[in-house]
Amino acid sequence: MSQPSTSLPQKAAQTTAEAPWPLRTLARKIDEYVDRMSALWVEGQLVEISRREGARWVWMTLRDTDADFSMRVMAPLGVVDGVQPPLQQGARVVMQAKPRFYTKNGSLSLSCRAIRHVGVGELLARVEQLKKQLAAEGVFDAGRKRALPFLPRRVGLVCGRNSAAEKDVVENARRRWPATEFVIQNVVVQGPGAVTAVIAAVEELQRTPQVDVIIISRGGGSFEDLLPFSNEAMIRAVAACPVPTVSAIGHDVDTPLLDLVADVRASTPTDAAKLVVPDAAAEERGITQGRERLRRALTGRLAAERQGLTAVRQRPVMADPTVMVTRPRAELERARQAGERAQARRLTGEQQRVTATRGHLRALSPLGTLERGYSVLRTPDGHVVTSRDEVEADQLLRVTVADGDFATRVLGG
């Protein structure tokens, strides 16, 4: 049996396992809390508008533009019909509404009081503000952009199902490089589900093996049609993608923010195909031209080497190889003979100089004087007699003449 209401805890924090709230009490408490909330303005995209014949209320589904979240909206018929231009599925709106909680099924919805379209001018201003914010964070910096691989093993493609963009990319890529392999993610590229679908496709492709580049492509459209490709969540998801990305959104005049964050921007889907794969015919022509340049270079080099070899063979040393020995030998012989002649002249000159010196010395030496008839007298102790007073009668002297010496005695007188 349930507890009497007088014994129920007044606050949620006061409940325990022994004193719980009945579910109806929780629903009532939530309803009371939600009912105290003020009416507020909320923005989103209408993904469903349901009218019933004769009904005074219109049920709609309002979806968040950046996340996979939606709420039911109940609006008076007069409020809906008073919006100009008339509301269409996919319209971006702001509405004044009050949250309502239905206790019977535990659902939360909005009770709409006023609806306004979000104008293009306002959307443009928001996109410009987001552009400035992301640029200040460095999300668009050229330094973080990566070069595309020359020839990707597999090309990831995010596009609409059976779209012209898919056909343009695939056909033009395979026309350029027939072996191009694609991994295609067909997603919604317009409307409220586009952002989450494209983000999920990019994340799936970056996990796919051998996908070396990812192309995000769709055809042209109005500013509102391309608005998902300026969504902050999508821009940040592409910025964080580890695989190089190519943006091919709309036509050349369309510039969603995806163009700024992608590693490469293609003006059209056809241009994207030209950017991601090389032209096989052009590469073949390049190889042929390179081969021809190489052939001409080798032919010219061989001709130059042949001429050089002919010139070498025409040299005298090649006509008579012994010249390599005989010529140095002759030069060595001439050098030897010249050395001998120089040595002979040097010896002759030295001999003449010695002879002259010898004659000069002989003329100046005491022996020359003795040969002219002079003699030298010495006492027995070897003293040379230079004066008559140095000798005495009967003294024995030693006489030296040119051819020898002998003794003599001094006579008195």
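How many residues does the hairpin that joins E2 to E3 run through? I began with this question in the predicted model, and I found that the hairpin passes from E2 to E3 through 6 residues.

**Entry on E2 and its partners.** I then looked at the pairing itself, and noted that E2 and strand E3 (residues 70–76) run antiparallel and are joined by 7 bridges, with Val58 standing opposite Ala75 in E3. Turning to the other partner, I counted 5 bridges between E1 and E2, again in the antiparallel sense, and I recorded Met60 in E2 as the bridge partner of Ile49. E1 and E2 also form a hairpin, with 6 residues between them, and in its turn Gly54 has a positive phi of about 80 degrees. I checked how covered strand E2 (residues 57–63) is, and found 5 of its 7 residues buried.

**Entry on E1, E4 and E5.** I followed strand E1 (residues 40–50) to strand E4 (residues 92–102), with which it pairs in the antiparallel sense over 6 bridges; here Glu43 stands opposite Val94 in E4. From E4 I went on to strand E5 (residues 107–117), where the pairing is antiparallel over 10 bridges and Lys98 has Ser111 in E5 as its bridge partner. The hairpin of E4 and E5 leaves 4 residues between the strands, and Gly106 in the turn has a positive phi of about 65 degrees.

**Entry on the largest core.** I next listed the largest nonpolar core, which has 35 residues, and noted that Val158, Val198, Ile214, Ile216, Phe229, Ile235 and Leu258 touch the most other members. At least two residues each come from helix H3 (120–137), helix H5 (194–207), strand E8 (211–218), helix H7 (232–239) and helix H8 (258–261), and the largest share, 7 residues, is that of H5. Apart from this core I found another, of 17 residues, among them Val58, Leu62, Val73 and Ala75. I looked up Val198 separately: leaving aside its neighbours within four places in sequence, Val198 is in contact with Val158, Val187, Val188, Ile216, Phe229 and Met234.

**Entry on H5 against H7.** How are H5 and H7 oriented to each other? I read an angle of about 10 degrees, with the axes 9 Å apart; because angles under 35 degrees count as roughly parallel, H5 and H7 are therefore roughly parallel to each other. On the H5 side I listed Ala194, Val195, Val198 and Ile199, which meet Ala233, Met234 and Ala237 in H7. By class, I recorded 7 nonpolar residues in the contact of H5 with H7, no polar ones and no charged ones.

Conventions. Residues numbered from 1 in each chain as written. Predicted model: local features only at pLDDT ≥ 70, side-chain atom pairs only at ≥ 80, totals over all residues. Heavy atoms only, no water. Core = buried A, V, L, I, M, F, W, Y, C linked by side-chain atoms within 4.5 Å. Buried < 20%, exposed > 50% of the residue type's maximum accessible area, 1.4 Å probe, protein only. Contact = heavy atoms within 4.5 Å. Axes fitted to C-alpha atoms, helices over the stretch in contact; angles between N-to-C directions. Parallel < 35°, antiparallel > 145°, perpendicular 65-115°, else oblique. Nonpolar A, V, L, I, M, F, W, Y, C, P; charged D, E, K, R; others polar. Pairing = 2+ DSSP bridges.
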